[in-house]
Amino acid sequence: MVAIRKVECPTNKIGIKCPYKMTPTRIVIHNTASNGSAQAEIAYMHRNGNTVSFHFAVDDNEIVQGLDLNRNGWHAGDGNGKGNREGIGIEICYSYCWKLAADGKTKIADEKTWKSKYKDKFEKAQRNAAELTAKLLKDYGWGIEKVTKHQDYSGKHCPHRTLDDYGWDYFLNLVKGFMGEKTETTDTATKKEETETTSIKKGCKVKVNKGAKSYNGVSIAAFVYNNVYTVDEVKGSRAVLDKNGICTAFNVKDLTIVEDAKTTTKEPVANVPVVEYYPKYSGDSKSLVDALKSLKIDASFNHRKEIAKANGFTDYTGKAAENSKLRTLLKNGKLIKE
Ligand SMILES: [Zn+2]
């Protein structure tokens, strides 16, 4: 499965995005109806001030988690119904592409560009989402009946692309495939083997299963079965044990892990968008402009508009009410840098 990268919900957004504790009972599948990456979807979700939120966004390369699974999201359109309050929301990216109509304002579907630029990405994203769904079903001990769609809760035609171009059963079959259940898809078996073999890795302590031959089919000395060895190299299904000692390769299926590899590799952090705040305003001016100026922050309208956008005010016009909210954030040290 592609990596799951978690990006914490900013603390000042928890009250908007995931205010309630949740014990999940289902999965709710969506299509984003846009052409942003998973990272972009989650960043936008965290940034804006709308009561719209979901747990995962999945694209062709990665899965980004933006909410804890024990907090609710707002994605199913059913208010305080089971979709929002008990559902793990998964957004599949790249389901739509738009262009401006002749009037220069109205957004209309651009299927041609979608087909040439996004179809492939969407299909990969859809597979990745199915694999994530299968993992969650396994984690929670659920069956396929726990996989639901946005449409089930509010009637919205979502996940639109999945429904229109592939069919809901197609998606459910993908999920079943990743759960190891028999479907017509041929790559299920390979997937399964992959997940079974990947747990043996460099640094693991293992025992060789009694009676197993070496990777090349050579019989080995009986004492080998009694010892514990360190895995020094893994390539596909071939693992080399104890390079300085017996230095013999085995098929990973003939090995049993005694002790897991010590994980020293750090989580990749390079791409995690870090939320940065402006320094706290400790003065008592009621004017946002004065407060910004006192902190040597550009207080021009255009810059304020940028700041407002970063803090979820998408249509900033410079009204007193908006400025006052921004000033409060600044005062609390919670004004996000643009
Ligand atoms: Zn939806």
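This is a predicted model: local features need pLDDT of at least 70, side-chain atom pairs count only at pLDDT 80 or more; totals for chains, interfaces and linings use all residues.
**Strands, sheet and domains**

Modeller: Strand 10 (residues 229–235) and strand 11 pair antiparallel, with four bridges. Two strands count as paired if DSSP finds at least two bridges between them. Strands are DSSP E runs of at least two residues, helices H or I runs of at least four, and both are numbered from the N terminus.

Biologist: Which side chains of strand 11 are buried?

Modeller: A239 and L241, which point to one face. Buried means 20 or more other C-beta atoms within 10 Å of the residue's own, with C-beta atoms placed from the backbone; exposed means 12 or fewer, partly exposed in between.

Biologist: And what does strand 11 do with strand 12?

Modeller: Strand 11 pairs antiparallel with strand 12 (residues 248–251), again over four bridges. L241 has T248 as its bridge partner. Their hairpin has six residues between the strands, and D242 takes a positive phi near 45° there.

Biologist: Switching topic. What is the strand order in the six-stranded open sheet?

Modeller: 1-4-3-5-2-8, with mixed pairing. Strand 1 (4–6) and strand 8 (147–149) are the edges, each pairing on one side only.

Biologist: How do strand 2 and strand 5 run?

Modeller: Parallel, with six bridges joining strand 2 (residues 26–31) to strand 5 (residues 87–92). H30 stands opposite E91 of strand 5.

Biologist: Which helix packs on that sheet?

Modeller: Helix 4 (residues 111–140). Among the strands it touches are strand 2, strand 5 and strand 8. Touching means C-beta atoms, placed from the backbone, within 7 Å. Its direction makes about 160° with that of strand 5. Axes are lines fitted to C-alpha atoms, for helices over the stretch in contact; angles run from 0 to 180 degrees between N-to-C directions.

Biologist: Where are the domain bounds?

Modeller: Domain 1 is 4–193, domain 2 is 197–273 and domain 3 is 276–338. Those bounds come from an automatic or database assignment. The C-alpha centres of domain 1 and domain 2 are 37 Å apart.

Key:
Residues are numbered from 1 along each chain as its sequence is written. Two residues are in contact if their C-beta atoms, placed from the backbone, lie within 7 Å.
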